[in-house]
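I hope they are handy while you have the coordinates open.

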2 protein chains.
Amino acid sequence: MNANFNAQQILDALNSVLPEHHEFLPLHEPSFRGNEWHYVKECLDTGWVSSVGKFVDRFEEELAAYTGVKRAIAVVNGTAALHICLMLAGVKGGDEVLIPALTFVATANAVSYCGAIAHFVDSEESTLGVDPGKLLTYLEDIAEIRNAECYNRHTGRRIKAIVPMHTFGHPVDLDPLMETCQRFHITLIEDAAESLGSFYKGCHTGQRGLLSAFSFNGNKTITTGGGGAILTNNEELGKLAKHITTTAKLPHRWEFNHDMVGYNYRMPNINAAIGCAQLEQLPHFLVAKRNLAERYSRAFAHIPGIHFFSEPANSRSNYWLNTLLLDEETAGQRDAVLAVTNDAGIMTRPAWTLMNKLSMFASCPSMDLAVAESLERRLINIPSSAIL
Amino acid sequence: MNANFNAQQILDALNSVLPEHHEFLPLHEPSFRGNEWHYVKECLDTGWVSSVGKFVDRFEEELAAYTGVKRAIAVVNGTAALHICLMLAGVKGGDEVLIPALTFVATANAVSYCGAIAHFVDSEESTLGVDPGKLLTYLEDIAEIRNAECYNRHTGRRIKAIVPMHTFGHPVDLDPLMETCQRFHITLIEDAAESLGSFYKGCHTGQRGLLSAFSFNGNKTITTGGGGAILTNNEELGKLAKHITTTAKLPHRWEFNHDMVGYNYRMPNINAAIGCAQLEQLPHFLVAKRNLAERYSRAFAHIPGIHFFSEPANSRSNYWLNTLLLDEETAGQRDAVLAVTNDAGIMTRPAWTLMNKLSMFASCPSMDLAVAESLERRLINIPSSAIL
């Protein structure tokens with residue numbers, strides 16, 4: 001008896017959920033059925049398209065209100081947000097920053113921009129994100145505290161921060177992670193790029209980190225074309241984040257003075273205009289995505305050797321990117337499923353290549369990554385647009 | 001007899017050129033009277049707003065065609081363009097990069113992003129940009145060539161590149177500068193952020209540098225909201241620029257592999273859509289700006305102690321930002337002019353604070369900056385929108 005599926009069964013299950021389609025169905029397709037056109041037209045009519053304008057302020061205020069953080073700073077994209085989060089958390093050249101091996105490359109790149117070194121940690125299967133228990137055991141082994149700072153005993157480098165990523169919108173188990181961060185004097189920064197609309201124990205993701213990074217790329221739950229945001233409850237850091245992402249210019253009627261090396265990371269007003277319209281529709285998008293996830297869950301419930309990934313305990317996920325997990329025994333069929341589904345015009349995708357396997361990060365320190373490696377072999381993302 | 005003006009005369013001359021106005025007249029106001037709405041609506045209707053889309057390709061192709069370079073790569077802004085130009089030119093941590101002291105802070109910031117050190121050079125009054133003659137004399141004094149590389153005798157650091165900036169759209173005297181670059185093995189990168197539509201000896205700015213950076217910020221001759229571009233005649237560098245600004249992802253049907261630390265610098269499709277519409281109107285904008293400059297030139301022709309800055313010999317400028325220069329003897333009246341004009345609702349602005357005077361660059365090496373310092377004291381920018 002073979003408790004196993006074949007690729008055609010997966011395709012049939014997907015087709016039972018997805019609408020009939022003649023064109024290629026992508027993983028994500030944004031929807032602009034709200035006030036996008038109205039707000040964008042207002043920008044064009046008034047000439048306020050660029051670095052200053054009311055939609056940037058409004059987008060920042062509404063984002064802060066929705067997520068329950070004190071300050072949101074709109075920037076050009078999630079990568080820029082991560083970069084500034086790390087800088088403002090005090091990450092310096094030569095520091096190590098703990099990040100999951102299973103993440104999008106932006107997390108690791110942002111560490112590199114600071115001249116710091118990524119240090120890879122394993123994931124847990126229940127959240128797809130950083131495993132707090134395994135991390136604790138690992139730090140007890142390799143870390144030592146000197147002058148209220150954490151050092152890697154093996155490399156001698158300071159471990160300044162950790163950047164858990166809420167994978168595909170599913171919240172990491174933040175409580176035990178924060179406990180470990182406090183005990184080891186490691187700063188928590190949330191990579192919430194994928195988790196707008198996701199809640200951990202009733203709190204929106206991004207609330208617990210000293211700073212958090214969000215993304216509004218075209219493939220995200222809401223989009224601004226390209227865009228991101230830095231969120232923080234620390235007023236001082238919030239001010240500094242605004243200052244450093246807008247070339248660190250000192251306010252003056254006409255003088256051009258800057259007091260630090262700043263960045264040109266501000267979100268243009270026209271992109272923020274789209275963001276404001278999208279935020280209005282976020283509750284509707286979340287309902288639609290949850291509904292889609294439930295339909296997937298039912299469609300895959302009785303296929304042996306594979307299951308639909310559901311939100312972790314204590315969390316309410318945005319189901320940004322829907323995920324199938326093959327059993328370890330059926331992982332060998334992953335590529336057949338990818339081929340059959342993509343050939344049939346339904347986009348599916350494996351997990352990102354683990355960061356430790358990319359050439360530029362191959363020499364970075366790493367803990368045992370057994371679970372991330374297993375997830376990498378077994379994971380398939382499937383179409384997730386709210387309009388489905 | 002006092003061959004001098006008073007601030008009221010300057011205000012009167014400005015008012016003689018500018019339209020009657022009830023609101024504050026900014027230095028720049030973009031104009032969206034072409035196909036902007038049409039193209040943006042197409043993005044929203046088709047869902048192609050983000051990192052991939054036909055307007056990005058079209059904007060890049062049309063920009064390359066207009067400027068006469070082989071390859072243009074659209075990015076999020078001019079600062080990002082400068083950063084990548086420097087990286088691809090081989091600027092490394094600890095190198096020195098020659099830049100004018102009289103420039104916008106982005107030029108110096110981009111050098112810092114590479115871990116390199118800005119080295120300030122003086123400007124000449126005829127172009128407002130790098131003085132090639134003074135630079136040559138300076139390099140003959142401080143530079144030595146070892147293994148076909150240029151070193152600063154005093155600091156021991158390699159001088160890898162120079163980034164002349166075409167100030168307010170007026171082309172630097174590129175020919176003698178290139179000769180000096182060749183003799184001293186220094187790579188030329190053009191900061192053409194302000195000079196779209198400006199030609200040096202019949203060639204569009206940005207053609208001579210190994211790589212060049214353009215900006216389409218809201219205040220530029222054409223705008224994409226926020227945006228910039230890298231231009232190069234080197235096909236290999238062009239390909240690499242596209243690769244590194246789009247997270248260095250290797251093309252594959254579904255795999256996510258990246259082969260270097262990349263950046264998320266791509267211009268969103270919706271911003272490129274605006275850019276395409278703006279490019280169509282560029283010839284019209286240039287005529288309007290030239291006309292405005294001629295009217296200013298006449299209005300200030302007979303006022304003693306001040307003159308309107310006209311394009312350098314051998315160049316055709318875009319007159320991006322119109323400029324008044326006070327005589328050294330009347331420089332003391334600059335702040336009175338700034339106050340009277342801004343109080344009257346006409347925005348005017350002095351030169352940027354020289355880079356060597358900003359705290360974060362105060363310890364950078366510098367040649368004598370007598371001309372830049374004089375220009376800083378004497379320069380006033382006046383409203384320059386094409387719609388005036």
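**Notes on the two-chain model**

1. The face of helix 1 of chain A that is turned away from its buried side carries the exposed residues A:Gln8 and A:Ser16. A residue is called buried if 20 or more other C-beta atoms lie within 10 Å of its own, exposed if 12 or fewer, and partly exposed in between, with C-beta atoms placed from the backbone. Helices (H or I, at least four residues) and strands (E, at least two) are DSSP runs numbered from the N terminus.

2. A word on conventions: this is a predicted model, in which local features need pLDDT of at least 70 and side-chain atom pairs count only at pLDDT 80 or more, while totals for chains, interfaces and linings use all residues. Residues are numbered from 1 along each chain as its sequence is written, and chains are lettered from A and ligands numbered from 1 in the order in which they are written.

3. Back to helix 1 of chain A, which covers residues 7-17 and has A:Ile10, A:Ala13 and A:Leu14 as its buried residues. Seen down the helix axis, these fall within an arc of 100° (taken from the directions from the axis to the C-beta atoms), so they line one face of helix 1. They pack against helix 9, strand 12 (306-308), helix 10 and strand 16 (379-382) of chain A. Contact here means that two C-beta atoms, placed from the backbone, lie within 7 Å.

4. A:Ile10 counts as buried because it has 27 C-beta neighbours inside 10 Å. Setting aside neighbours within four places in sequence, A:Ile10 is in contact with A:Phe5, A:Ile306, A:Val337 and A:Thr341.

5. For chain A as a whole, there are 11 helices and 16 strands. The radius of gyration of chain A is 21 Å, close to the 21 Å that the globule rule gives for 388 residues, so chain A is as compact as a globular protein of that length. That radius is taken over C-alpha atoms, and the rule is 2.2 Å times the number of residues to the power 0.38. Along its principal axes, the C-alpha trace of chain A spans about 75 × 60 × 35 Å. Of the 388 residues of chain A, 56% count as buried. Among contacts in chain A with a separation of 6 or more, 72% come from residues 24 or more positions apart.

6. Which residues have the most contacts inside the largest nonpolar core? They are A:Cys85, A:Leu86, A:Ile230, B:Cys85, B:Leu86 and B:Ile230, in a core of 248 residues. Such a core is a set of buried Ala, Val, Leu, Ile, Met, Phe, Trp, Tyr and Cys residues joined through C-beta atoms within 7 Å. Not counting residues up to four places away in sequence, A:Ile230 touches A:Ile73, A:Val75, A:Ala81, A:Ile84, A:Cys85, A:Leu211, A:Ala213 and A:Ala241.

7. The contact between the chains takes 49 residues from chain A and 49 residues from chain B. On the chain A side, helix 2 gives the most, with 5 residues. That side divides into 20 nonpolar, 22 polar and 7 charged residues. In this count Ala, Val, Leu, Ile, Met, Phe, Trp, Tyr, Cys and Pro are nonpolar, Asp, Glu, Lys and Arg are charged, and the others, Gly among them, are polar.

8. A rotation of 180° with 0.0 Å of shift along its axis superposes chain A on chain B, with an RMSD of 0.0 Å. That is the relation of a two-fold axis. In chain A, the C-alpha nearest the axis belongs to A:Val76, 3.7 Å from it. The same surface serves both copies, as 100% of the contact residues of chain A recur in chain B. The superposition is by least squares on the C-alpha atoms of residues with pLDDT of at least 70 in both copies.

9. Two backbone angles may interest you. B:Phe168 has a phi near 55°, a positive value in a residue other than glycine, and is found in the loop between strand 6 (159-162) and helix 7 (174-184) of chain B. Phi of B:His185 is also near 55°, and B:His185 lies in the loop between helix 7 and strand 7 (187-191) of chain B. B:Phe168 counts as buried, with 22 C-beta neighbours inside 10 Å, whereas B:His185 counts as partly exposed, with 17.
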